[in-house]
Amino acid sequence: MISGTRYRLTVEINRQAELARDIARSQAEVSTGKRILAPSDDPTGAARVAEIGRSQADEAAWSRNLDTAATLASRADTTLESVATAMDRAKELMLAAASGTLSADNRATIAAELNGIAVDIASLIDARDPRGTRLFSTGDPLEIPVGAGIGVAPVDSRAAIFEDIDTPGGPADLVAIIEAAAAAVVETDPVARQAASKASIDALDAGTGHIIAARGEQGVRANRIDDLKERLIESKLQLTEQRSDIEGTDLVEVIARLEARKLTLQAAQAVFARVNQNTLFDLLS
């Protein structure tokens, strides 16, 4: 009699312990929103989740790189806009100086402003990015990895944008074109000044056209970066959805199961308490 009672007590205790474990498991699924809490829960699913996690980590790094690339591209566009504005002003000054009605002092003032523009453009060319390095690299353009085997150069090189500009007088860099214009304005010989001024105006036109083209190219680079960012956002959403489908839990189902297990455990504990009291009383009597 005592042996049989002990056996039934052990069985009931084990059953209630199993119910308690089920409840704890369901509570964990509800709190985490995941049905895979350990690799043993679903080895195949856990392996796929780990693979997706690695892809998400990679894409997070690529997203940060794309943000950096977008910042550089935007800063380059702003800088080129400033250069284009400076070139337009230089052209205005040269046209005014070429009219032939200005005094030597007036032409000297224009030359001083042109030299100031040359200094400003040189400063823009040497602009630094947020990391403290040159925005326009002196070597090959900086390429930033933004995907598996994918890299972008958010800004072209200094040489491609500001040097070896094709002018009627031959290749020249932008600063030299402005400096030559300043020198032409103060040329003392009228005939030489007229010839030099015309050559400088032609060179300024060539330089302005070159900067406009460079800014257009910069826009293409920025658009590509934006496209890559959009693709990465779409991929992020897809990976998140895939991961949720694999490891996510059905909260409605789990909560319903949790409440049912709680009721079952409460009822079992109540019955166990009554039965255990009766059995103990019987044994003592």
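Arg 89 counts as partly exposed, at 34% relative accessibility, where partly exposed is the range between buried (under 20% relative accessible area) and exposed (over 50%), using a 1.4 Å probe and protein chains only. Arg 89 forms a salt bridge with Glu 92, and the closest N and O atoms are 3.1 Å apart; a salt bridge here is a side-chain nitrogen of Lys or Arg within 4 Å of a carboxyl oxygen of Asp or Glu. Both residues lie in helix α2, 3 residues apart, about one turn of the helix. Helices (H or I, at least four residues) and strands (E, at least two) are DSSP runs, numbered from the N terminus.

The model is predicted, so local features need pLDDT of at least 70 and side-chain atom pairs count only at pLDDT 80 or more, while totals for chains, interfaces and linings use all residues. Residues are numbered from 1 along each chain as its sequence is written, and side-chain values use heavy atoms, leaving out hydrogens and water.

The salt-bridge count comes to 14. One of them joins the side chains of Asp 67 and Lys 229, at 3.3 Å from N to O. Asp 67 lies in helix α2 and Lys 229 in helix α6, so this pair ties together parts that are 162 residues apart in sequence. The side chains of Glu 81 and Arg 215 also meet in a salt bridge (3.7 Å, N to O), again linking α2 with α6, across 134 residues. Elsewhere, a network of salt bridges links Asp 126, Arg 134, Arg 158 and Glu 163.

Strands β1 (residues 144–147) and β2 (residues 150–152) pair in the antiparallel sense over 3 bridges; two strands pair if DSSP finds at least two bridges between them. They form a hairpin with 2 residues between them, and Gly 149 in the turn has a positive phi of about 75°. In the loop between β2 and α4 sits Pro 154, which is buried at 2% relative accessibility. Its contacts include Ala 69, Ile 144 and Ile 225.

Conventions
Contact = heavy atoms within 4.5 Å. Lists of a residue's contacts leave out its neighbours within four places in sequence.
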